[in-house]
Amino acid sequence: MLDQHDYDWMRQALALARQSLYITAPNPRVACLIVRDGQLLASGATQQAGGPHAEVMALRQARERGVDVRGATFYVTLEPCSHHGRTPPCAEALVAAAPARVVVAMLDPNPLVAGRGLARLRQAGIAVDGPLCVEQALEINAGFFARMTRSRPWLWLKMAASLDGRSALSDGRSQWITGPQARDDGHHWRARSCVVLTGIGTVQADNPRLNVRAVDTPRPPIKAVLDTQLKLAPQAALLDGSVCWVFSHRRDPQREAQLAERNAQVIHMPLRDGHVDVHAVLDWMAGQQVNEVHAEAGATLSGALLDAGVVDQLLMYVAPKVLGQGRGVADIAALSGLDAVQPFEFTDLRLLGQDARLLARQRDHWAALLQSVGGAGRSD
């Protein structure tokens with residue numbers, strides 16, 4: 001039977017899980033708290049892929065502290081894994097630890113787990129409660145759950161604009177519409193993603209590096225460029241030796257060899273409406289265990305992503321400036337009526353220096369994801 005203390009401890013566990021935002025992909029961000037009589041005995045969070053999971057980290061800390069965890073309650077933000085992957089199954093580690101009770105935020109949608117972890121605990125006589133705090137847990141790992149349940153990453157589209165909706169002056173100058181705090185926050189979103197995606201138009205116009213700055217991360221995201229006609233120059237600044245994926249329809253062995261020397265892999269994709277098919281690109285990324293995609297591009301690609309219906313979340317930075325005549329943030333096809341407008345809903349608003357950051361989720365995409373993990377209709 002769940003009570004208020006369970007919710008309080010689980011929220012604390014979710015806060016700890018957020019500390020792993022930059023390191024765990026393609027694995028989910030998970031935390032584990034070990035509690036007895038209202039006291040925290042030990043805690044742990046999932047490490048980089050191939051490293052210990054949250055339950056193992058918490059048990060390791062308990063051993064280091066000389067704490068006996070038998071009969072304690074474990075709060076885990078995701079169902080313990082039950083299969084041998086890069087690490088042994090956490091469900092077996094919990095069975096060996098002999099807790100009285102395990103409380104989970106969510107079941108694991110991974111077909112290799114999908115309830116088997118909890119079944120193993122119950123088989124060993126351990127009481128299991130949950131799920132609880134489902135939406136908060138889903139938000140931390142939306143990309144992992146999206147990949148597992150719909151075979152497509154979670155994609156957010158980052159845009160920066162003036163109060164009158166301009167992303168640049170009419171001559172293309174845009175540095176800088178927003179201030180340093182907003183720009184640093186954008187790097188946080190780059191860092192937590194698996195892939196930073198842009199278009200060839202942005203590369204040719206701005207020559208961006210697309211790397212992560214202002215955030216220390218041992219797992220930098222892969223860079224990716226949609227480049228239908230394979231125009232990417234080997235001298236582009238983003239080709240700094242880190243991995244880059246170039247999605248193109250054109251085949252040019254000589255250009256591909258030049259790009260390969262800069263650690264850029266050309267992936268051939270089908271066309272849709274004369275451009276690389278973004279649906280095919282995202283399907284391919286899911287096959288590479290990509291959970292989250294950070295799209296940051298000009299108005300053409302931003303509009304194309306919105307028109308394709310693949311944007312799950314909007315990350316919008318608004319500066320208190322009026323630019324007048326200038327370039328918009330997204331070239332979206334004309335709509336037949338207001339009933340054709342995509343239903344986004346605001347989820348967060350905060351000030352970053354002089355600028356505001358708005359987060360908005362595509363309502364139908366979120367509802368489908370929540371339903372797919374059994375969280376629809378829950379009030380927690």
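With which side chain does the side chain of Lys-223 make a polar contact at 3.5 Å? I looked this up and found the side chain of Ser-242, a polar contact being a pair of N or O atoms within 3.5 Å, where within protein one must be able to donate a hydrogen and the other to accept it, and residues adjacent in sequence count only if both atoms are side-chain atoms.

Before going on, I noted that this is a predicted model, in which local features need pLDDT of at least 70 and side-chain atom pairs count only at pLDDT 80 or more, while totals for chains, interfaces and linings use all residues. Residues are numbered from 1 along each chain as its sequence is written, and side-chain values use heavy atoms, with hydrogens and water left out.

**Lys-223**

I found a polar contact from the side chain of Lys-223 to the side chain of Asp-240 as well, at 2.9 Å. Lys-223 has a relative accessible area of 3% and is therefore buried (under 20% is buried, over 50% exposed, and partly exposed in between, with a 1.4 Å probe and protein chains only). Leaving aside residues up to four places away in sequence, I listed what Lys-223 touches, and among them are Val-196, Arg-209, Leu-238, Val-243 and Trp-245, contact meaning heavy atoms within 4.5 Å.

I placed Lys-223 in strand E9, residues 222-226; helices (H or I, at least four residues) and strands (E, at least two) are DSSP runs, numbered from the N terminus. Of the 5 residues of E9, 4 are buried, and the strand is mostly covered.

Strand E8, residues 195-199, pairs with E9 in the parallel sense over 5 bridges, where two strands pair if DSSP finds at least two bridges between them. I followed the chain from E8 through helix H8 (residues 200-206) to E9 and recorded a right-handed β-α-β crossover, that is, one whose path from the first strand over the helix to the second runs clockwise with the strands pointing away from the viewer. Val-195 has Ile-222 as its bridge partner in E9, and Gly-199 stands opposite Leu-226. With strand E10, residues 244-248, E9 also pairs in the parallel sense, over 4 bridges, and there Ala-224 is partnered by Trp-245.

I then turned to E8, where 5 of the 5 residues are buried, so the strand is largely enclosed by the rest of the structure. Val-195, Leu-197 and Gly-199 lie on one side and Val-196 and Thr-198 on the other, and both faces are covered. E8 also runs parallel to strand E14 (residues 292-296), joined by 3 bridges, with Ala-295 as the partner of Leu-197.

**Aromatic pairs**

My search of the whole structure gave 7 aromatic pairs, counted for rings of Phe, Tyr and Trp (its six-membered ring) with centres within 6.5 Å, planes under 30 degrees apart being stacked, over 60 edge-to-face and the rest tilted. Trp-156 and Trp-189 have ring centres 5.1 Å apart and planes at 80 degrees, so I logged the pair as edge-to-face. Trp-156 is in strand E6 (residues 154-162) and Trp-189 in helix H7 (residues 180-192), so the pair ties together parts 33 residues apart in sequence. Trp-156 counts as buried at 1% relative accessibility, and Trp-189 is buried at 6%.

Trp-245 and Phe-247 form another edge-to-face pair, 6.4 Å centre to centre with 75 degrees between the planes. Both residues are buried, and together with Trp-284 they form one aromatic cluster.
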